[in-house]
Amino acid sequence: MNDDQAPVLICKDLSISYYTRAGEIPAVVDFSLTVLPGETIGIVGESGCGKSTVAMAIMQYMGANGGIKSGSITFKDRDLNQMSESELRRIRGSEIAMIYQEPFASLNPSLKISTQLMEVPLAHEKISTEEARQRALQMLSDVKLPDPERIMDSYPHQLSGGQQQRVVIAMGLLSNPSLLLLDEPTTALDVTVEAGIVKLVADISKKFGTSQIYISHNLGLILETCDRVFVMYSGEVVEEGTIDSLFTWPRHPYTHGLFACIPLPTADKNAAPLKPIRGQLPLPFERPQGCYYHPRCDHFKPGLCDQEHISMAHVEGSAADHRVRCLRYNEIDHHLQTPDGEVKKALELGEQVLEVDHMKKYYEVRDTSLRALISGKRVRYVKANEELNFSAREGETVAIVGESGCGKSTFAKVLMGLEKGTDGEVRHRDKDLSDIAVRDRSAKQIGSLQMVFQNPFDTLNPSHSIGGQISRVIKKFGVEKDKKKIFDRVMTLLDTVKLPRDFYFRKPRQLSGGQKQRIGIARAFAGNPSMVIADEPVSALDVSVAAAVTELLMDIQREQKTTLLFISHDLSVVRYLSDRIVVMYLGHILERGTTEQIFTPPYSPYTEALLSAVPIADPEVTKREIVLEGNLPSAMNPPKGCPFCTRCHRRIGDICDNEPPPEQVVVDRHVIKCHIPLEELKKVEPVIHVPDESERLHARH
Amino acid sequence: MVTLVIKRIGFMIFTMIIVSLILFLLLETELTGDPAARVLGQFSNEEQRELWREQHGYNQPVMVRYVKWLGNFATGDLGESIRFKGPVADVMLPRLWNTAILGFWTFAIMIPLSLTLGVLSGMREGSMLDRSISVFGILTTSVPEFASAVFFSALFVFGLKWLPGTSSMSGGFEFRQLILPVMVLVVYDFGYVARMTRASMAEVMTSQYIRTAVLKGLPYKSVIVKHALRNALIAPFTVIMLQINWLLSGVIVVEFFFAYKGFGALILEASLNNDIALLEACAMVAVFVAVATQTLADIGYTFLNPRIRFS
């Protein structure tokens, strides 16, 4: 980054509004940004903060009701706001390219990849079809896709999510743009795939010198990819600075709040609980006077913070250009603020509640093709779960982690009775449930095994009131019979999930995502369950909301001594809240043990790779980089030997390909499935290195 | 792909056999009354009926009769029409041809018109053009054929005296006589297909891959023609295929109104006159067309949509 180079993009005092029937809604106010050649800028913030709007404004693609109200966007000395449609067309795709959140939705389902790639250079440059084809092939291998010829000839739905995103990235890079906009490019992908994409994006800026604007809600990812970072809140930037400066010395209370919401690898649910930001993000037309953040800020000073609109100011004494939108940043001593000494008591574990004993679940797939008819192989099996063994005690939190398709949701379905197990037993309170479908279970059994679902938006019936939906559950499970008592019970549940009691009469559409998930939790706990399965309960929620919901779940668990089965792909959350972890891959448990055991060597090689893939929002924590190559094999046709052998970085030879790995017991309940001898595995260096408090530049949290 | 086609055709034949069985049970057996009485009329006596049954082989076992009946059908022997006093094939084929002509012209005008206007209005949702087409489409679709037939006759036949009021083609085929029935059908069906197309196109235009295409810097024409159209036409395609059935047997009102000798009118005549052989043949043809268009629609759908083709 050379300072005397001319900037690629300058946004100056940008204000963007949407115009609706209700009037003008300011989406972004007072936004300024300069991007230098080769620089990667991160924009971070929660949903609704205006970060995607900025990207769309740079592309000048605002839809029918959006418009740039004031300010300028200058790209290489040309004002994008003044350009005609045809001038914009020449810039889009050739000089500014964009990469989107959902790769599948952004590729045309009925055109081949080759068509979609080749049309980019063909539209912008005078080259032959053959040349365009060569260039597309070259770019596909540059984004490290194996077998570019085959990819070119495929349709989008024939590729995996990671491959699709690589294709979209290749598409963006084809005309060698000077600026690449990435709007949450990895949100829809698995952690290990995400790690690969992040590395690719970093390599690109080095190789092609492309400037990038990387939009994300994940502070850890921003840390790994960017040079400078902008933190946005409610339509404005509240803090900006270099990665080092901002992550080491965050100045704005909101930035601090965000950091307090993400579980760090050092944190533990009992010693340092997450501190969610209180209140909610104000709607654009409800923004308060003065500082937009003041109603939620712990350092609010009446008469100062709620007066005039605050502008960005240079942080005194910072070498890099660290700027903050806060009047009191100098007075607030964040070191004194934390830790506030809140320590929660660890729950004592009770008797064994769940025991999974050699559980198997195969799905039958009938192949109806002619070839299968002739060869006689009509029925094939998808081995979703293979020999699952683990147990959970009362009050314990057991996390099941793994990438999508590893069989973790299948297991939840068998446990809930939505599917029947093929073999083995799943004993809940010494009763085998794997064979009993949910409709054959008693109300008590169903009530004592409940689930919190991933997507709170779809799980509530939109035409019934909240109170009605919870009452029905209470009645069905036979907890209470009397109408008055049911009503009282709903009120208690609403109190438990910290929602106002008048939510009883509300309809789901009047609730935010976080509130809906609280209702989902209230519903799950309505039947006094002894065990709750939470399937990625916070992955669809924003950082600060997720922290609040996670804490809530933990509090209820502590109170009711519920066993929690937490299904997730996010290892930092898992590390934070679980007592025991089960690592799954392609239907197999590759490692299981306490959280401490999983996060320290010896690791199974897959656990090692998973740990390396977790983005950590702490510049002083270092990680060993392990990027997994290739895709998850199909569960229909798994490798003969170790399921992980096709992607393993520690493969020791043919034994991995041909023989299923043995279960090696490290200590009591810590088991690793791997061919590598334990002595070898014990010699492996830890993946995550957290410096001691004394070595740190500052003490945080 | 080949597997799919073979499977679909197999399924089609299976459907036809089931339908023929139902048809046979309903019309040729005692289930719904004595067939002899149906043919000879209510004033015939038992002796005459018995004679008729003997002559036409109705005293054989049901299964034997069904197999024979099916065999006759398959070899093209459709029997005799009582109403028209002649072989069924000779009666039915000219009528089918007439309907084919009517259907062809209706399609030739209606499909390009409704697809173009549907695509145009879907491209710019909420625009003046979009709103006028929507209103016009609802209006024409909600006016039944007999009403618009009366209205057009009043205007073009009695008012302006431009067109003939009947389309019986008694003096040989005359194109002028075809204009009014085609016009009524086009106006009635246009709104439906156009609105389907519009909805599908509008959905495609808001999809993320269209945004990708625009932000790739492609010319607008290329975005529409290459990226939007093909995806937008998948849904209307099925609807269009279904219109063929409607044109074959569902336009009786229009055929009767203009005295056009079409297939729909023939079915009605056959059933009113208890002309069993003719009715059976017509029904089988109608079913065949319905099943065949659906098969074609399924295969075409797979062709348009690679997600189905390669899964």
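The model is a predicted one. Chain A and chain B bury about 2500 Å² between them, and the second largest pocket has a volume of about 780 Å³.

**Interface of chain A and chain B**

- The contact draws on 30 residues of chain A and 22 residues of chain B.
- Of the area buried between the two chains, 60% lies on carbon and sulfur atoms.
- Two salt bridges are found across the interface of chain A and chain B.
- A salt bridge joins the side chains of Glu119(A) and Lys216(B), with an N to O distance of 2.6 Å.
- Between chain A and chain B, 12 residue pairs are in polar contact, both residues being at pLDDT 80 or more.

**The side of chain A that touches chain B**

- Helix H1 (51–59), strand S6 (96–99) and helix H3 (113–124) of chain A each contribute at least two residues to this side.
- H3(A) provides the largest share, six residues.
- By class, the residues of this side comprise 16 nonpolar, 10 polar and four charged.

**Second largest pocket**

- Its lining consists of 24 residues, divided into 11 nonpolar, seven polar and six charged.
- Nearest the centre of the pocket lie Tyr61(A) and Gly63(A), together with Met205(B), Val214(B) and Tyr220(B).
- From chain A, helix H2 (85–91) supplies at least two residues of the lining.
- From chain B, helix H5 (88–123), helix H8 (175–205), helix H9 (208–215) and helix H10 (220–232) each supply at least two residues of the lining.

Terms used
Residues numbered from 1 in each chain as written. Chains lettered and ligands numbered in written order. Predicted model: local features only at pLDDT ≥ 70, side-chain atom pairs only at ≥ 80, totals over all residues. Heavy atoms only, no water. 1 Å grid on protein atoms, 1.4 Å probe; cavity = no way out; pocket = protein on both sides within 12 Å on 5 of 7 lines; lining within 4 Å. Points joined across faces, edges and corners; volume = space filled by probe spheres on them. Helix = DSSP H or I, 4+ residues; strand = E, 2+ residues; numbered from the N terminus. Nonpolar A, V, L, I, M, F, W, Y, C, P; charged D, E, K, R; others polar. Contact = heavy atoms within 4.5 Å. Buried area = accessible area lost by both parts, 1.4 Å probe. Salt bridge = Lys/Arg side-chain N within 4 Å of Asp/Glu carboxyl O. Polar contact = N/O pair within 3.5 Å; in protein donor to acceptor, adjacent residues only side chain to side chain.
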